[in-house]
Amino acid sequence: MMSPFFFFLFLSYFTSPVVSTNRNIFILGGQSNMVGLGGVYKLPNSTTLVWDGVVPEECQPNPLILSFSSNFTWEKAIEPLHGDGIGPGIPFARSILDSNPEVEIGLVPCASIGTNIAQWARGSDLYGKMLSRAQMAVFGGGEIRGLLWYQGESDAHLPNANYYKTSFQQFISDLRSDLMLPSLPVIEVAIISGGDQTSRDIVRDAQIQTAAELDNVECVDAMGLQLGPDNLHLTTASQVQLGKMLADAYLTIGNVTSTPNNS
């Protein structure tokens, strides 16, 4: 008799909008700038955050771009991808499609606002959820092509910053091992906000050095991208630009597989 867990997977497989053995799957991890707070602002005289609802052309839905939902099913990817505001995920996928128009992209949102690198260590709740979502995302077809990672602002203070490089490299090693993908491409973003300048520079150096020291790791520098009024989170326009930068970086070390035309 089929166990409840595998019955759920079986059901999810057949209730997803598209079943593809050539789905190119990308994990989205990190904290608020990967979640995406583009277009999010505070109401006057309030702490309530709202999204302005503006969806640029680069973030519009595309039938070849899917998102792995909280219910573990594939759905058409729409903004806000993580449920908050505009992030880099859909612009990344659309940029991949610009150069590979017949591929299918599956995004697995896993980022969580305000999290530090220790909260993503193997054995943590966030790590376990990300690993489970990634493993379930490939059920029924597709391959995990890479990890998009934007995190570090919550570690831009002492002593955390001093341990960031070791912790981040261990995280990459653990994730590759647990996914059984020893060469999994990782596209990370060097932070430009959060904490104090000295600690932020330590984290940035750790991120840049990690890309230089580990195979199949690319670092995209967010320096020069515009921050919103809170001086912490990227604007919508910056998130769109970041998505394109992430795609360009990924295509230097990774690949995607086209979906066969069965028509």
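Residues are numbered from 1 along each chain as its sequence is written, and side-chain values use heavy atoms, with hydrogens and water left out. As the model is predicted, local features need pLDDT of at least 70 and side-chain atom pairs count only at pLDDT 80 or more, whereas totals for chains, interfaces and linings use all residues.

**Salt bridges**

The structure holds 9 salt bridges; the term denotes a side-chain nitrogen of Lys or Arg within 4 Å of a carboxyl oxygen of Asp or Glu. Among them are the pairs tabulated here.

| Pair | N to O distance |
|---|---|
| Aspartate 178 and arginine 122 | 3.0 Å |
| Lysine 129 and aspartate 125 | 3.2 Å |
| Glutamate 143 and arginine 145 | 3.5 Å |

The side chains of aspartate 178 and arginine 122 meet in a salt bridge. This pair links distant parts of the chain, 56 residues apart: aspartate 178 belongs to helix α5 (residues 160-179), while arginine 122 lies in the loop between β6 (104-109) and α4 (125-137). Helices (H or I, at least four residues) and strands (E, at least two) are DSSP runs, numbered from the N terminus. Aspartate 178 has a relative accessible area of 24% and is partly exposed; arginine 122, at 43%, is also partly exposed. In these terms, buried means under 20% relative accessible area, exposed over 50%, and partly exposed in between (1.4 Å probe, protein chains only).

Lysine 129 and aspartate 125 both lie in helix α4, and because they are 4 residues apart there, about one helical turn separates them. Lysine 129 is partly exposed at 49% relative accessibility, whereas aspartate 125 is exposed at 52%.

In the salt bridge between glutamate 143 and arginine 145, glutamate 143 is partly exposed, with 45% relative accessibility, and arginine 145 is buried, at 12%.

**Serine 67**

Strand β4 (residues 65-68) contains serine 67. With a relative accessible area of 9%, serine 67 is buried. Which residues is serine 67 in contact with, leaving aside its neighbours within four places in sequence? They are Thr73, Trp74, Glu75, Lys76, Ala77, Leu81, Leu107 and Pro109, where contact means heavy atoms within 4.5 Å.
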